[in-house]
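Here is a walk through one model, taking a surface patch and then ring pairs. Keep the structure open as you read.

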Amino acid sequence: MKASEVARVVAGRIEGGADPDLTGVAPLDRATPSDLSFLSNTRYADEAAASAAGVLFVTEAMSRELPASITRIVVGDVYAALAGVLPLLYPPVPREPGIHPTAILEAGVVLGDSVRIGAYAVIRAGTRIGDRADVGVHCVVGRDCVVGEDAYLHPQVTLYDDTRLGARSILHSGVRIGVDGFGYHAAGGRPQKIPQVGNCIIGNDVEIGANTTIDRGSIGPTEIGDFCKIDNLVQIGHNVRIGAGTVIISQVGIAGSTRIGRGVTLAGQAGVNGHITIGDGARIAGQAGVFGDVPPGATYSGYPARPHREALRVQAAINRLPALLRQLRGGSGADTPSSET
């Protein structure tokens, strides 16, 4: 594509004089004259000025950081522009519908139009697969499941019995949906399993990263709302309910029966206790340990998690402890572990 055509597609303004042919997208330090790149942070302005990229996506503010000779496309939102042009430069491989001869479909399976079932996939009895859905190699879809139209199961996904997966949702390799929740009670001095008889309901336009696990409800469903985006290696316990548009980053763990509102962000490695509520629009920082309710719109961080400004004050106080200990000792003694035991 010509840079001018890219500018037209993203409703941007091309500046700098040149109109190169573009064949791909690359980082600033690896881009060639046939690549599109982007500048979204002033800390990379020098790297952008030295880049060999044929053209850069920039905002008005970032454009002022560059020499006038550099060809750029000025847009309102760099990442939205990238999302608009990437499918044109990297068109998806055409998908041929059909059922591989090694796939196993049990009695009562209902397939929509133009479905694709990959090699060695297993579809159990009573399951319904929506139009144009794609069930990848070595996937297992349990009994009485529903897979929505245009859903995409990458290789080795497992849906346990009675799982509901919404339209256009994407499950990456190794995802396990509807597994038994961790439910036991003490009986005779040993843990006794409580049957997990609920199911798992995943909404429309949800994306779930590789090797993430979501438990079925113990009684009633575990629910993931529409447009949720869940990263790799996340664990979501039984009876959790997550509102629409929530984003969960890698290695988050959410214990059972917690309610998470709409538009929440849980950053990497955050841990969330069970039976609590996180309000709409709240933000939980990376590695935070959440043990109580979080109000809507709040930002919490630290361990235990608390309002972010308070957590910063606590951390600052902890950093001053060595000096305070020296003052309590009258200023004597070196700042060593042995002098502070």
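**From a surface patch to ring pairs**

Helices α5 (308-319) and α6 (321-328) each supply at least two residues of a nonpolar patch. The model is predicted. The patch lies on the surface and consists of V314, I318, L321 and L324. Together these residues have about 300 Å² of accessible area.

Take L324 as one of them. This residue sits in helix α6.

Now turn to the aromatic rings. The structure holds three aromatic pairs. One of them joins F38 and Y79. Their centres are 5.6 Å apart, with 65 degrees between the planes, and the pair is edge-to-face. How exposed are the two partners? F38 is partly exposed, at 25% relative accessibility. Y79 is also partly exposed, with a relative accessible area of 49%.

Another pair is made by F291 and Y303. The ring centres lie 5.5 Å apart. The planes meet at 80 degrees; the cut-off is over 60, so this pair is edge-to-face. It too links distant parts of the chain, 12 residues apart. F291 lies in the loop between β36 (289-290) and β37 (299-301). Y303 lies in the loop between β37 and β38 (306-307). F291 has 45% relative accessibility and is partly exposed. Y303 reaches 64%, over the 50% cut-off, and therefore counts as exposed.

Key: Residues numbered from 1 in each chain as written. Predicted model: local features only at pLDDT ≥ 70, side-chain atom pairs only at ≥ 80, totals over all residues. Heavy atoms only, no water. Patch = residues over 30% accessible without salt bridge, like charges linked within 9 Å, V, L, I, M, F, W, Y side chains within 5 Å. Areas by Shrake-Rupley, 256 points an atom, 1.4 Å probe, with all protein chains shown as cover. Salt bridge = Lys/Arg side-chain N within 4 Å of Asp/Glu carboxyl O. Helix = DSSP H or I, 4+ residues; strand = E, 2+ residues; numbered from the N terminus. Phe/Tyr/Trp six-rings, centres within 6.5 Å; stacked < 30°, edge-to-face > 60°. Buried < 20%, exposed > 50% of the residue type's maximum accessible area, 1.4 Å probe, protein only.
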